[in-house]
Every structure is written in structure tokens, then in C-alpha cells.
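My notes follow the model below, point by point.

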Amino acid sequence: MNPVEFSHAVLISRVAPGQWHALEDDLVVGRGEASRRPDGRMFVSIDAWHGAAFDRLAEAMLTALRRPLHTVVDEADLDLTAQWQRAGFTTRRREWEYSVPTDPRATGLDSALPPSGVTIRAFGSAEEAPLRALDRTIRDEVEAGPGWQDMPAEVLARPVLDLSKYAVAAQSGQYLGLLRVATVTRLPRIGLIAVRADRRRRGIARALLAHTLGALHRIGKETASAEVTESNMAATALFEGIGAWRTGSNLELVLR
């Protein structure tokens with residue numbers, strides 16, 4: 001596609017499907033990308049050197065793409081948030097970022113035991129077949145219940161199962177709940193906690209957290225990170241109840 005010229009000497013070029021560049025004096029001064037998530041929603045992002053490049057990229061992308069469109073911004077980045085709002089986006093949901101202590105003396109989880117008959121299987125000891133069965137069950141429950149609109153990308157994707165990242169709650173050969181930990185740089189991140197709908201409110205999620213945070217503490221990790229959707233009151237209560245504190249927030253914005 002040939003570049004389209006706008007004012008402020010900024011040229012916009014669609015360099016590949018879902019990718020745009022903003023050029024100024026033959027230098028790339030901004031990049032825009034669009035990608036479709038597994039639930040079908042289209043997410044866009046723009047990284048630009050200045051406001052004019054952002055506006056031109058947004059104009060080109062919004063003209064080329066079908067709505068609704070979504071984007072995620074750090075709520076503390078007021079300039080970027082204002083730029084998307086200027087393009088017509090409005091806030092759809094907020095996701096809190098938490099720092100989670102691992103020391104059982106701080107979390108109070110040293111006495112958190114699973115329900116009778118339920119055992120916690122350590123990272124790397126889960127079996128693939130029952131773990132995949134639990135994954136399918138949880139996905140079916142989300143589909144039949146709240147839907148995917150408030151689920152993070154971590155849940156939507158179907159990653160290759162790395163058993164070393166999963167702790168599971170098991171009973172009679174069936175898996176009832178799981179916790180996945182991903183490591184970003186040197187800070188462990190709790191990517192997902194999920195329990196089968198018919199086994200919730202029995203302390204399984206709390207026991208999974210107790211096992212995970214205790215294991216991290218024993219290898220010298222003082223904190224972990226986690227993200228919780230603002231509307232998920234149960235998860236908010238779980239994390240804040242063990243002494244986790246908010247370190248920031250992200251906004252999902254939408255253009256309908």
C-alpha cells in the first residue's frame with residue numbers, strides 16, 4: 001500500500017497486515033498494531049514519538065479496522081490514555097495490579113489446608129491428561145457463565161502446557177483447581193487461579209495460593225505479582241485478605 005500523507009509532514013504506511021508505520025523525514029516515529037484475540041475481539045496498540053504521529057496512526061487504523069476495537073493502557077499514563085480518548089475510546093474495565101508477599105507470617109497462609117480428601121500437587125508433578133480435562137471444564141464454565149469479555153489474554157490463549165508452571169488441587173484422580181505461575185524477569189507472576197464451579201468456596205484457591213507462595217518464599221522470592229479485574233470481588237478479597245497491596249492499574253478502553 002502506498003503511504004498516505006497527512007499534515008505535520010507525517011506519512012502513514014501499512015507495512016503488513018495489522019501493522020502501520022508513521023514516518024517523518026524518512027524516520028519511523030510511530031508504530032501501530034492490531035491483533036485479534038481468541039475470543040474474537042480486536043485489540044490495537046500505538047507506540048508514537050509525539051501526538052501528531054499518534055493521531056495520524058489512529059486515524060489510519062480506525063478507518064481500516066472494523067469496530068468494536070479495544071486497547072489496554074497503564075492508568076498512570078495520563079498522556080496515552082488521553083490520546084486514545086481523543087480518538088473516541090472510552091473505559092470499559094479496570095484491572096488492578098498487586099504485589100503479593102510470599103512469607104507465610106505475612107500472608108497468614110501457614111495454616112491454610114485444602115479440604116478433606118483434596119491434595120495439592122506441586123509444580124512439575126501434574127499429569128497432562130487430567131490437567132487438560134480441567135482446562136476444558138473451566139473454559140466451558142466461562143463460556144456458559146460470564147463469558148470471555150472480562151477474561152485476560154492469559155486465560156484466553158491455549159498455551160502449550162508447561163507442567164513445571166502448574167500446581168493443582170486433586171481428589172480421587174480428578175483435578176479440581178489449578179494455579180499457574182509465569183516468571184517475568186526476576187519477579188514471579190501469578191498468571192491464573194481457577195477452581196471448578198462445583199468446588200468453589202471450599203478453600204481450594206486459598207490452599208493453592210498457600211502452596212505456591214510458600215514454595216516461592218523457600219527459594220528466596222519475597223514477592224510475586226498478580227492482576228485482578230476490578231469487578232472480580234472474590235479474587236480481590238482473596239488477595240487483599242493475605243496482605244497483597246495495589247501497585248497500579250490498567251484500563252481496557254473500547255471504541256464501539
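1. Helix 1 passes helix 2 in a right-handed crossing; a crossing has that hand if the near helix is turned clockwise from the far one by less than a right angle, and is left-handed if anticlockwise. Helices here are DSSP runs of H or I with at least four residues, strands are E runs of at least two, and both are numbered from the N terminus.

2. By type, the residues of the contact divide into three nonpolar, two polar and two charged. In this scheme Ala, Val, Leu, Ile, Met, Phe, Trp, Tyr, Cys and Pro count as nonpolar, Asp, Glu, Lys and Arg as charged, and the others, Gly among them, as polar.

3. A word on what you are looking at. This is a predicted model, in which local features need pLDDT of at least 70 and side-chain atom pairs count only at pLDDT 80 or more, while totals for chains, interfaces and linings use all residues. Residues are numbered from 1 along each chain as its sequence is written, and side-chain values use heavy atoms, with hydrogens and water left out.

4. On confidence, the chain has a mean pLDDT of 89, and 89% of its residues reach 70 or more; pLDDT is the predictor's confidence in each residue, from 0 to 100. Please treat one stretch separately: over residues 153–157 the pLDDT is below 50, and this stretch has 16 contacts in the model beyond near neighbours in sequence.

5. For the overall picture, the chain's secondary structure comes to seven helices and 13 strands. Of its 256 residues, 43% count as buried, that is, under 20% relative accessible area, with exposed meaning over 50% and partly exposed in between (1.4 Å probe, protein chains only). Among contacts between residues at least 6 apart in sequence, 67% join residues at least 24 apart.

6. Some backbone geometry deserves a look. Most residues other than glycine have a negative phi, and most peptide bonds are trans. Here the peptide bond from Arg67 to Pro68 is cis, with omega near 5°. Pro68 sits in the loop between helix 1 and strand 6 (69–74).

7. Where does Asp25 lie? It is in the loop between strand 3 (19–24) and strand 4 (27–36), and its phi is positive, about 55°, although it is not a glycine. Asp26 lies in the loop between strand 3 and strand 4 and has a positive phi of about 65° although it is not a glycine. Asp25 counts as exposed at 68% relative accessibility, and Asp26 is exposed with a relative accessible area of 76%.

8. Two buried strand residues are worth checking. Thr229, in strand 12 (residues 223–229), counts as buried at 8% relative accessibility. Thr229 and Glu95 are 134 residues apart along the chain, yet their C-alpha atoms are separated by 4.2 Å. Trp20, in strand 3, counts as buried at 3% relative accessibility. Between Trp20 and Ala58 there are 38 residues of sequence separation and 9.7 Å in space, C-alpha to C-alpha.

9. Is Arg14 buried, exposed or partly exposed? Arg14, in strand 2 (residues 11–16), counts as partly exposed at 28% relative accessibility. Its C-alpha atom is separated by 9.1 Å from that of Gly32, 18 residues apart along the chain. Ala129, in helix 4 (residues 128–144), counts as exposed at 58% relative accessibility. Ala129 and Tyr175 are 46 residues apart in sequence and 9.9 Å apart from C-alpha to C-alpha.

Terms used:
Contact means heavy atoms within 4.5 Å.
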